[in-house]
Every structure is written in structure tokens, then in C-alpha cells.
Amino acid sequence: MQVPEEFRRLRASYEAYLLLERGLSPNTRDAYLRDADRLCNCLADVGTTVPDADAGQLQQFVAELHDLGIAPRSQARIISGMKSLYRFLHLEGIVDIDPTLKIDTPRIGRRLPDVLSVEEINAMVEAVDIDRPEGPRNRAIIETLYGCGLRVSELCNLEIARVDFDDGILAVTGKGSKERIVPMSDESMRWIGEYRSWRATLPVKQGEEPYLFLNRRGHRLSRVMVFYIVRELAALAGVQKSISPHTLRHSFATHLLEGGANLRAIQQMLGHESIATTEIYLHIDNTRLREEILMYHPRNRK
């Protein structure tokens with residue numbers, strides 16, 4: 001996305017602020033910078049700049065997001081990026097008054113994430129062709145995403161030195177560079193061990209040596225590649241849901257809750273800063289409970 005030349009210096013300072021002062025992850029910084037670029041271009045179309053825009057022009061920008069049919073969740077993220085930008089401009093003294101203070105964020109309904117059943121996960125696991133060279137790696141990926149509840153970025157950045165087979169734990173670096181300890185399932189440990197035998201035969205590229213999960217050319221696996229692996233296995237297993245690596249994380253948490261795990265323990269394993277984020281799994285459990293009542297209670301039988 002092209003931005004005016006006069007905005008580039010301001011953008012560079014904003015990027016440094018997001019990194020050094022707010023400590024945001026690369027993905028979040030990229031999203032905020034894209035939001036800033038989008039806003040800059042939209043304001044240029046009406047003959048103004050980011051520092052000179054007033055509340056009315058910014059409100060019009062928000063209205064256009066709605067008119068374009070952008071989902072409320074995406075609108076909220078873009079507005080959050082806009083507010084972050086003007087907070088920075090106000091701190092730097094570039095604007096006297098933050099014009100976004102009275103701009104509201106759209107209300108977002110709580111959307112329950114898709115969850116796989118244990119049978120669907122077993123089917124995905126069985127769909128892995130272990131006889132292919134990368135088969136043990138792909139099995140280890142599924143077992144680690146589901147068995148440890150990792151985010152895809154945490155999986156891609158997982159280092160060999162952070163895997164403790166003696167104690168059966170992973171040291172994971174999550175959002176905001178926060179570290180947490182996650183216990184490994186027996187299957188995770190088994191298949192990571194199987195995969196490391198294949199990994200030892202790879203021509204590992206310089207600088208990629210610390211990372212556990214590599215492609216056949218010796219490079220660290222990308223997020224896109226992990227998405228591809230998960231979706232291919234889901235298709236082979238006959239899973240009809242639209243899933244992603246994050247679905248395995250949701251399934252991990254939901255199955256723990258259904259099995260009686262404490263919500264605080266799940267929060268710690270997922271790396272959620274707020275218990276409110278983890279509480280969405282209570283809603284999933286209650287939804288399933290209602291389905292069970294409707295299906296099996298004698299008052300609901302025809």
C-alpha cells in the first residue's frame with residue numbers, strides 16, 4: 001500500500017513507538033501500520049493529512065468502514081489501530097487534542113470458535129502418512145498444537161533447547177514476548193522424538209539451527225505452511241469444518257474444560273493474560289450441555 005512521502009517519516013517514528021514503548025508483536029505492529037496506511041490514503045482522498053484530520057473526518061472514515069460491509073470485529077481492530085496512532089501523535093505533541101477520543105468502537109458479539117471432536121482429531125492424526133519423510137514431523141505438529149495448545153506462531157518459533165523431555169515440558173514464548181511453561185502430552189513427546197531423527201538428516205540452513213520444526217530444505221516452517229498441513233490433513237480425514245491451526249488450540253482448551261480442568265489452569269497453559277479471554281470456553285461447554293439436554297432428556301423426546 002503506497003503512502004505519501006511526507007507520511008513516511010511519521011510512520012517510521014510510529015513503528016518505533018509500537019516496538020519500543022508498547023512492545024507489540026511483529027504481527028500486531030504490521031496490522032497497526034497497515035491501518036495507519038489505510039487511514040492516510042483515505043484522508044488524502046478528501047484533501048487532508050493524518051495530523052490535520054478532525055474528528056468529523058475520522059468519523060466519516062469509520063462510517064465508510066461500515067458502509068463497505070466490513071465485519072464489526074474487523075472494524076473494531078481498524079479503529080483500535082487508528083486510536084493507537086493518534087495516541088502516539090498526542091504523546092509526541094504533533095496534535096494538541098486526540099480527535100479519536102469520542103469515536104466509539106462497534107459492539108462485537110461473542111463468537112464461539114469452531115471446535116473439533118476427539119474423533120475428528122483422531123481421524124486427522126490417522127490421516128498422516130508416516131511413511132513419507134515429513135510424516136513424523138506433521139504428526140508431531142498436530143500432537144503439539146492439540147496436546148499443548150500452542151499458537152501457530154509459538155509452534156513455528158519453538159526452539160529445540162526449550163523442549164525438556166526429562167520433565168515433559170515446553171518453554172514457550174508467547175504474545176508480548178511473555179514466557180510460560182506448558183506440559184507436553186505423552187504423544188507430543190513421542191512424535192517430537194520420532195521427528196528429530198528425520199530432522200537430523202536435513203541440510204539445516206545457517207541461522208535456523210535452534211528451531212525445532214523445519215521444512216525439507218532446512219528452513220524454519222512458516223505459519224502459512226502449518227496452515228496448509230493442518231487443512232490438508234483435515235480434508236484427508238473428512239472433516240467438514242473450516243479449520244486452522246488455532247482450531248486445535250480451541251479444541252485443546254475445550255476438551256480440558258469438559259474433562260474437569262480448572263479454568264485458571266487452562267488460562268495459564270494458553271498464556272491468556274485475562275481470565276475473561278479463557279471464559280469463552282465456558283460458553284462452548286454450556287452450549288454443548290444444552291444440546292445434550294435437548295437430545296437425551298425425556299421431556300424433549302417425541
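A salt bridge is a side-chain nitrogen of Lys or Arg within 4 Å of a carboxyl oxygen of Asp or Glu. I note at the start that this is a predicted model.

**Entry 1: salt bridges**

I searched the whole structure and found 13 salt bridges. I looked up Asp35 and saw that it pairs with Arg77, the closest N and O atoms being 2.9 Å apart. Asp35 lies in helix H2 and Arg77 in helix H4, so this pair ties together parts that are 42 residues apart in sequence. I then checked accessibility: Asp35 is buried at 4%, and Arg77 is partly exposed at 34%.

My next pair was Glu120 and Lys241, whose closest N and O atoms are 2.9 Å apart. Glu120 sits in helix H5 and Lys241 in the loop between H9 and H10, so parts 121 residues apart in sequence are tied together. I noted Lys241 as partly exposed, with a relative accessible area of 32%.

I also looked up Glu187, which forms a salt bridge with Arg139 at 3.4 Å between the closest N and O atoms. The two residues belong to helix H8 and helix H6, so the pair ties together parts that are 48 residues apart in sequence. Glu187 is partly exposed at 31%, while Arg139 is buried at 11%.

**Entry 2: Glu154**

I found Glu154 in helix H7. Is Glu154 buried or exposed? With a relative accessible area of 3%, Glu154 counts as buried because the limit is under 20%. Its side chain makes a polar contact with the side chain of Arg151 at 2.5 Å. Leaving aside neighbours within four places in sequence, I listed its contacts, among them Lys175, Arg180 and Arg249.

**Entry 3: nonpolar cores**

I counted 46 residues in the largest nonpolar core, where Met124, Phe213 and Val226 touch the most other members. Helix H5, helix H6 and strand S2 are among the elements that each supply at least two residues of this core. H6 gives the most, with six residues. For Val226, I set aside neighbours within four places in sequence and found contacts including Ile141, Leu145 and Pro245. I also found a second, separate core of 27 residues, which includes Leu24, Ala36, Cys40 and Leu85.

**Entry 4: the sheet**

I traced an open sheet of three strands in the order S1-S2-S3, with antiparallel pairing. S1 and S3 stand at the edges with a single partner strand each, so one side of each has no neighbour in the sheet. I saw two bridges joining S1 to S2. Val163 has Leu170 in S2 as its bridge partner.

Definitions and conventions. Residues are numbered from 1 along each chain as its sequence is written. This is a predicted model: local features need pLDDT of at least 70, side-chain atom pairs count only at pLDDT 80 or more; totals for chains, interfaces and linings use all residues. Side-chain values use heavy atoms; hydrogens and water are left out. A nonpolar core is a set of buried Ala, Val, Leu, Ile, Met, Phe, Trp, Tyr and Cys residues joined through side-chain atoms within 4.5 Å. Buried means under 20% relative accessible area, exposed over 50%, partly exposed in between (1.4 Å probe, protein chains only). Helices (H or I, at least four residues) and strands (E, at least two) are DSSP runs, numbered from the N terminus. Contact means heavy atoms within 4.5 Å. Two strands pair if DSSP finds at least two bridges between them. A polar contact is a pair of N or O atoms within 3.5 Å; within protein, one must be able to donate a hydrogen and the other to accept it, and residues adjacent in sequence count only if both atoms are side-chain atoms.
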